[in-house]
Structure formats: structure tokens, C-alpha cells
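These are my notebook entries on one structure. I set down each look-up in turn.

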Amino acid sequence: MQVVKRLLVKGLTMLAVLLIVQFLVVITLGATGYSDRMLEAVISEELRAIRPSLAETIRDPERLEEALTARRDELVALYGLDRAWHTRLPGMVFRVFTLDLGEAHTLRSSSGSNRVADIVGERIPKSMLLLTTSMIVTAAIGLAIGARLSSRAGTVLDRVVSSFSAVSYALPTWWVGILLILFFSFRLGILPSGGMYSAPPPDGSFLRFLDLLYHALLPVFTLVLAGIGPYIYVVRTISVNIAQADHVTVARAKGLSDSLVSRRHILRVAAPPIVTGLVMGFAGTLGGSILVETVFNWQGMGRLYYEAIAGTPDEMVIVALTFVYTLIYVVARMILEVLYVLLDPRVRYG
Amino acid sequence: MAFLEVRELTLDYSTPRGPLRAVDSVSFSMEKSGTGLGLIGETGSGKSSLVMALARILSRNVSRYSGEVFLDGKEIMGLSNDAYRRSVRWKQISVVFQGSMNGFNPVMKIGKQLTERMLLEPGADRNGASEKVLGLLKDVGLSPEVFDRYPHELSGGMKQRVAIAMALCLDPRLMILDEPTSALDVSVQAQIMNLLKKLKWELGISMIFVTHDIALASEISDDLGVMYAGQLREFGSAEDVMLRSADPYTRDLLASIPRLHGGVGPKFVSGMAPDPIDRPAGCRFRERCSLAFERCVEDPPLRPVGGGAVGGAPAGSSHVARCWLVGAGSAS
């Protein structure tokens, strides 16, 4: 029962996180006047687009201006620009929650749809491919190296890897990406500098998949390089600490083999904080992936974020993307909570 | 043939200031199995290091580990780590540690922690192991429910009982108890001591009991050894050591126990034990001893009390002490 209650409380907390993030986005967009300027730009653009067709039916310049002003007022009312941002934007937040994502002002999906749900939806799997692949690679390498280092704490190898961890932690992901492009694409010419498929893409779904993997190599490598250092260090340090615990001495004294001791009495005990480190690292990678996708021209949500902010501004898409990113984070956190309860019997109480 | 014979057991730790000799060629024996040996001494005297060396539980910074240990006439120090693990650990020598509070894997059920070693034995099956563990839990006075509990659900006293049950699961010949009650309150301490006495009596298990509580040691010990600065100071039957102690250090130690009756207050042993990295030559208790005289600058060997033989006689059940006054007849 306590488990259910605990998870319920966590779930509600996560829901609150989702709400708060949405409100912060709204305040950022509204209070800075960014939303107003974006809508102004959209309206001017639309008016410029309909002026020629209106001019054909309305010859009188004065009446034309009148018609345009009327159209303008219509659009202003439609987009809610006549209201203050704090009355206009919150409604948008709640519409996002019901997945009624509305229509984008300028951006279109690859099939030409202007529904935000379509635009964002087609990008989600592309981003998840990068994120999950890099997380799995990071977890596998980090666990293997970290666990091995923990039994060699204090050696030269340990110090070298620990220094690398500090460097890796400090590296800006996008900068690593640019360096890797410079080296592997321009100097060596063995890996593509960006994009998801070759032009033209190869025939056959299997070959297309291989082509996708080939293009994913550098961005995944970038994300792994930036995330692996801190993760190795987390695994190493936690394992070193647990290896000094009394119960490990007892396990050795009982006559268990070294590998059994390290698996059952060190790594298993270290699992909860190690999993936490992984999920938190994943949350950190979410931010990094936005820039990495931009650098590598990977057509995922991160690239879309960049386009919706810096390219052709589109606040609906920004709000929707923030929602999806936060949702991914929240889901990851909830998975962590459930895993934690499964891994550590001590948290099942209180 | 003695049940356990230890010859010149020596253990050094490497420290930034140089090697630290925690156990300095200690020799003693337990003649019969099923008896109890108490090791007493102040903090840092090497009593824990001695028993950990016996059980080959060595920390990383051990720089020297030498000597001979015969268990039932079979030398076990020369065994490779792997052979020692397979044939001696827990099967012959088991250990109940000082901090059993933290001696359990926090994410594993008690039952699994008690059976896991048994299941490594050839021909072991889960049901048999579980049954045996349930019996052991009953022996140490715990309900069978404990089997399915996690360590954090048990009290300190319960965990200590589980630790004792765990040490019994492969029917070892020798059980080493390193201050098994020092973390417990007095009433639980008494319960554990009664349990240990019962086990010693009923199962005929030999015990080495390490403590700095002399009264506690005397309860369960047939023989007593007094450690000081890495050396054995005095060794003999509990009666001899307690009532007819020959070594000035042992006597000072006994005088430091507060007594309820008699009107004599406790006396403290003044001063500190010598720096273990830079010990002075000669008798190591010299500087704190009220009876020190010229000869104490020479190293005293362990000598039989009451006998005249001079030389490093290994401590058996006969009474030996490390003082120049022993045997001289003027040690009063």
C-alpha cells in the first residue's frame, strides 16, 4: 500500500513539474514580448500575402486599406493579440495538456500538414533514436569501465580516467560535435557531416536503415562522449564506497568468490544510485541533444526547436516542444521511481 | 595434537610513515576443541588484527603476513587464496564481526544471505539449506519470519543473532567473535552472551572471543590471552590470568575494572601505548609500568609463570607472561 501511495505522490509531483514548466514557458514568451512580436510578424506576413488577391477585387485604394485593416482586426482577434499575454497564453498551456496542439502559424510537417501534432509527432521518433541509443551505449560502457575501475581505485589508470571524466563533464556538447565533424568529415572524410540519409537515399528498407545508422554515428558519439565521463565517475565512486562497507567484508569472509561478491554485494547494492545517475544523465542529455541535432542537421525535435525559435518563429510549436521534452523527462523520472522501489527495499517505507 | 596452534604470526600494515607491526610474532595454542579463548587488550593492541589474520581477512594495506597456523594439525597459512576460500573459509573458521549492524547486504533478504554460502557447496539444494537456516534461526532465538525480512527491518540485537546464525551455517570448527556485543546495550549484551555460552555448550564449537571488556571475556573463556602493543603479554587459563596474574600490565588492566563492593576505586593505567610505528626497544610496557627496573630495556620473552625455564616458550594452556619479574619470585 505504501508503495502505491509513494508512487502516487511522485506522480502528482511530476504532474506539477509539467505544469510549472509550461507556465514558465508562457511567462518567458509573454513577459519578454516575444509572443506579441511573433504574432505581429505572422499577421503582417498574412496581410502581405492576401494584399494582391484583395487588390484584384477591390480597386479603390481607400476601400482596400479598409478591407486590409478589417482583415487585420480579424486576425488580431483570432490570434488573441488584442488581449494581454497573461490572458491569452494560459489557455494554450491547457490545450497542450489535452494534446489539442492546434495549428502552427508558419512551420509545416514534411507532408505539408500545419497541425502542430503532426509537425512535432513526426520528429519524436527521430530524436528518441538518438537519445535512447546514446543512453544505452553510455550505460553499457559506463558500467563496464566504472565497475572495473572501482577495484583499481588509486591506480594510474583510475586517475587518468577520472581526469577524463572531469574534462568530459566540462565539454560543451555542440562544440564536441563541431570538432568531430571537422575531424571525421572534413579531415578524414569517412563520416557524413550531417543529415539523416544520403542523397539520394539507398533503395530497400534495410539499406535505408543502415544508412540511417551510418548518419547517426557521429551525433551518438558526440552525446556519448559528453555523457560518459560523469557516468563512469558516478559508477566508480559509488562502487568504491560500497566495496568498503562491512557487508562486503562479511561476504568475502563467507568464502564467496570475488566475482560473486562484486556482482551480488557491490554492484547490486550500488544499482539504485547508479540508475539514478543514468536517468539524471539522460535528462541532461535532453538539453544537449537540442544543440547536437542542430549541429548535425538531424531532423528531430531539437532541430525543430531551433527552427521554431531562431528560424521561422512559431510559438505554438515552441510550447508543444517544451511540453514533449518535459513529458519525456517526467516519464523518465517516473520509470526511475518505479525502478528505485524495485531495486531498493528500504524505500518501500515512509 | 592441539586443536589450534599459531606460530609466530606476524602482520604488518604499510602506512605513509612506514610499516606498522600490528601483530608481532604471536604464538599460542588451543589444546582442545570446544573451548573458548578470550583475547583482551586495549584499543590498538592488535587483538582484532590477530584474529583477522587468523581468518585471513586482510585489508589492502597489509605488507607482511607470515607465520604458521595449524588447525587440527593441518597447516592453513600456506594454502593459496583460492584453496583457503574453498576449504577453510566459513567451513572451518567463521567470523562474527564487530559491526553486524552494517554486516548485511541491505537489498537482500536475510534468508538469502544465510543460504547463499551453503548453496555454493556441491550437492546443496535450496530446500535443505532453507530448512537448516530456519533451524539455526530458532537456535539463536529468532522467529522464522526473519527469513523473509530485509536487514533494515531488524533491530541491532536481532541482527547480531542473525550474524551468529550465519556463522554457524556450515558447522565450522572455530568461530571467531570480534567484539560481538560492543555495539549492543547491556541487556541485549547479556542475552547474546547467554546464547554464545549455550552454543558453545550444545554444539561444542570452539570460540575465540575478542573484547576489551575483561569481565565479558571471563564469562565465556577457558583460556585468556592479554595483548599489548602487538604482542601477547600473558596467556593462561582464565583462572590463572584473572586470579594469579603475573604480568604488571594484566594486573593494571584488572585493577582498572570498577568494582561494586570493596571500597577500592578503579585505577587507570596511566600513559599511552607506544607509537606502533616507532616502538622503543625492550619491554613495551616499560614506560607505564610502576615496577620497571634496569633490565626492562631488554626485550622480555614469554616465560612460564612459576617455572624456571628461560626462553621463548610458546603459550599453551600453561601460564606464561612477558615480564622480567616473572619467575624471579619478586613480582609482587
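In which helix of chain B does Ala215(B) lie? I found Ala215(B) in helix α7, residues 214–220; helices (H or I, at least four residues) and strands (E, at least two) are DSSP runs, numbered from the N terminus.

Conventions. This is a predicted model, in which local features need pLDDT of at least 70 and side-chain atom pairs count only at pLDDT 80 or more, while totals for chains, interfaces and linings use all residues. Residues are numbered from 1 along each chain as its sequence is written, and chains are lettered from A and ligands numbered from 1 in the order in which they are written.

Chain B overall. I noted 9 helices and 12 strands. The C-alpha trace spans about 65 × 50 × 40 Å along its principal axes. Buried residues make up 43% of the 332.

Core. I looked up the largest nonpolar core, which has 88 residues; such a core is a set of buried Ala, Val, Leu, Ile, Met, Phe, Trp, Tyr and Cys residues joined through C-beta atoms within 7 Å. Among the residues that touch the most other members are Leu50(B), Val51(B) and Ile208(B). Helix α5 (residues 156–167) of chain B gives the most to this core, with 7 residues. Beyond four places in sequence, Ile208(B) is in contact (C-beta atoms, placed from the backbone, within 7 Å) with residues including Leu37(B), Val51(B) and Ile176(B).

Interface. I recorded 17 residues of chain B in contact with 17 residues of chain A.

Confidence. Chain B averages a pLDDT of 88, and 95% of the residues score at least 70; pLDDT is the predictor's confidence in each residue, from 0 to 100. I marked residues 308–313 of chain B, where pLDDT stays under 50. For the complex, the predictor gives an ipTM of 0.86 and a pTM of 0.78.

Note on methods:
Contact = placed C-beta atoms within 7 Å. Buried ≥ 20, exposed ≤ 12 C-beta atoms within 10 Å, placed from the backbone.
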